[in-house]
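Morning, everyone. Please bring up the model on your screens.

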Amino acid sequence: MANIRDIAKITGYSVSTISRVINNHPYVDDKKRAKVLEVMAELNYVPNRSAQNLSYGKTKNIGVILPFVNHDYYDQMLSGIMQAAFDHGYQISLLPTNYDQKLEKRYLAEFSKRSFDGLIVTTKANSIQVFLDYLQYGPIIFCEEIPNADVSCVYINLKNSLKEAFSYLKERGVTHPGMTLGRSKNISHNSELSIRIAKEIYPDFDEANIFWDCIVAEDGIQAARFFKKQKVDGILTFGDSIAATILQQYKTNKPLVIGRENLLISEVMGFSTIDHHLAECGKKAFETFYHHKQEKICIPHHFIKR
């Protein structure tokens with residue numbers, strides 16, 4: 001297998017010149033660059049990127065902490081991260097936690113050993129204080145609002161989108177609303193916010209009308225049974241797939257249902273949805289990491305009424 005010294009010997013140029021061409025250094029004579037690239041092609045020489053990255057103290061790999069990978073919310077955010085990462089020649093490592101605090105800490109320990117150049121945290125199981133101790137090892141970008149810490153975050157405008165959704169339910173005459181939320185253990189900041197906004201718009205909102213641990217479309221079957229029993233007349237769901245499944249379970253007296261993330265199913269079935277532009281959120285999160293920015297960016301939402 002050819003190496004850099006073989007190329008130097010054939011071209012008559014120094015090893016340092018060959019190295020500059022391989023690393024796309026701008027200050028190389030065009031004729032020399034062309035000759036080196038020609039010889040590299042003839043020898044089928046492929047640069048050892050791992051060795052190059054190690055020499056620069058980088059892995060060209062970014063870790064993405066997320067709870068699971070089988071949900072439309074995280075799929076969309078991940079698509080934005082992946083596209084931006086690939087555009088900049090980065091690999092990504094998926095680090096699913098299932099909201100396990102110990103597992104999340106193990107990923108942070110890997111980060112401290114320089115396994116990744118940085119982390120993007122779509123949502124966290126541990127407190128922000130746990131993460132602050134690891135900022136010394138590299139950039140950590142959060143995809144949720146972190147208002148009281150000096151960290152970078154790119155987040156959706158959840159507060160305003162929730163207000164708009166519950167206000168819409170009220171405008172449409174819904175008097176007994178329900179809601180689906182995620183984990184019932186270690187309740188997330190987003191779930192707490194959802195309940196707070198529900199009570200702001202509906203002062204008598206009954207928390208007994210929350211169907212917890214509703215993550216994937218199939219959970220919508222049990223959710224529909226629950227909401228029928230609770231006799232709710234409007235539901236804000238955790239996603240379009242869940243909203244569609246709930247509506248499928250109703251033959252008559254269908255509640256007014258609002259989904260999230262503007263999937264095709266919401267258009268086909270004709271229910272309202274909130275587009276949080278999650279792919280854009282993921283893309284901005286990677287760019288914040290890549291350009292070493294210290295900032296907090298709020299991604300605007302779009303409420304689609306149908």
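**Sheet, helix, cysteines**

Start at Met 179, which stands opposite Ile 210 in E7. Helix H11, residues 240–248, packs on this sheet. H11 touches E6, strand E8 (234–236), strand E9 (256–260) and strand E10 (272–275); contact means heavy atoms within 4.5 Å. The direction of H11 makes about 155° with that of E9; axes are lines fitted to C-alpha atoms, for helices over the stretch in contact, and angles run from 0 to 180 degrees between N-to-C directions.

A word on sources. This is a predicted model, where local features need pLDDT of at least 70, side-chain atom pairs count only at pLDDT 80 or more, and totals for chains, interfaces and linings use all residues. Residues are numbered from 1 along each chain as its sequence is written, and side-chain values use heavy atoms, with hydrogens and water left out.

Helices (H or I, at least four residues) and strands (E, at least two) are DSSP runs, numbered from the N terminus.

Back to the sheet. It is open, with 6 strands in the order E7-E6-E8-E9-E10-E12 and mixed pairing. Strands pair if DSSP finds at least two bridges between them. E6 and E7 run parallel, joined by 2 bridges.

Now the cysteines. How many disulfides does the structure hold? It holds 0, a disulfide being a pair of cysteine sulfur atoms within 2.5 Å. The sulfur of Cys 143 has its closest cysteine sulfur in Cys 281, 4.6 Å away, too far for a bond. Cys 143 is buried at 3% relative accessible area; buried means under 20% (1.4 Å probe, protein chains only), exposed over 50%, partly exposed in between. Cys 214 is buried too, at 0%.
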